[in-house]
Amino acid sequence: EDVNTSAADMEFIHLETPHVTGIPEYMGGSGDPSPFTAYGVFVGMKACAFKRWGQDDLKGKKVLVQGVGHVGQYLVGHLVEAGASVFISDINQDRINETKSRFAVEFVAPEQIPGFDMDIYAPCALGATVNSDTIPQLKCAIISGAANNQLADEKIHGRELISRNILYAPDFLINAGGLINVAAEASGSYNREKVTRDVEKIYNRLLDIFDLASRENLTTQESAMRIAQQRIDDMAHVKSRL
């Protein structure tokens, strides 16, 4: 599943091919992976808070969640439960209304996001919202959200965020919870409790990436890519010896 797709869509695809994950639980799958994606973002956000403020308590922090689809709504739930002051933004009025009916949140118009005074910006819609136009206006200490390709240009905008003292959680790490879930489903030995524990590892993975970035003068995206590539190379070396 991804933007505007659901477990029901995977069910239809499964009628044609077995090579699909995220199918409904009654068909032997793990269901919608969105809760795990959202939980991973929440866990990662706490790691970002620890890095920036020395504690991972989000109580009272102003968090703006841009995009309240499947993942965004679950993330809002975690944040409200944690005591954060949550603001939402979306272009879909039905999603806005549904989220406001379920949680005590305030709405921010999409065009007001760049200049909105917040502690944490959580992009959970489409990508490239962190770009040359928005970065000079951003009033946040942390960017940690579920969207893919949040930086319009990783090389340029990663450095710009550093210059503005904004901590960025690399997208493909912090939003990995859903993929961790469906990977477990695809392995044929699905265990929800183990998946949850694996998703919680995002916390320490982010801290590792932040530490490497600081030591080597890398952007956090560059740091994440370096660690990811090293893990791939190590696995290839092990396989070559088998």
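Which residues in H2 meet which residues in H3? Before answering I noted that the model is a predicted one. On the H2 side I listed Ser 34, Pro 35, Thr 37, Ala 38, Tyr 39, Val 41, Phe 42 and Met 45, and these meet His 70, Val 71, Tyr 74, Leu 75, His 78 and Leu 79 in H3. Sorted by class, this contact has 10 nonpolar and 4 polar residues, and no charged ones.

I then turned to the geometry of the pair. The axes of H2 (residues 34-53) and H3 (residues 70-81) come within 8 Å and cross at roughly 45 degrees, and the two helices are therefore oblique to each other. I recorded the crossing of H2 and H3 as right-handed.

Next I looked up Met 118, which I found in the loop between strand S3 (106-107) and strand S4 (120-123). Leaving aside neighbours within four places in sequence, Met 118 is in contact with Lys 62, Leu 64, Ile 113, Leu 138, Lys 139, Cys 140 and Ala 141.

My last entry concerns Ser 89, which has its place in strand S2 (residues 85-89) and counts as buried at 1% relative accessibility. A polar atom of the Ser 89 side chain lies 2.7 Å from the backbone oxygen of Val 108. Not counting residues up to four places away in sequence, Ser 89 touches several residues, among them Leu 64, Gly 67, Phe 107, Val 108 and Ile 113.

Definitions and conventions: Residues numbered from 1 in each chain as written. Predicted model: local features only at pLDDT ≥ 70, side-chain atom pairs only at ≥ 80, totals over all residues. Heavy atoms only, no water. Axes fitted to C-alpha atoms, helices over the stretch in contact; angles between N-to-C directions. Helix = DSSP H or I, 4+ residues; strand = E, 2+ residues; numbered from the N terminus. Parallel < 35°, antiparallel > 145°, perpendicular 65-115°, else oblique. Left-handed = near helix turned anticlockwise from the far one by under 90°. Contact = heavy atoms within 4.5 Å. Nonpolar A, V, L, I, M, F, W, Y, C, P; charged D, E, K, R; others polar. Buried < 20%, exposed > 50% of the residue type's maximum accessible area, 1.4 Å probe, protein only. Polar contact = N/O pair within 3.5 Å; in protein donor to acceptor, adjacent residues only side chain to side chain.
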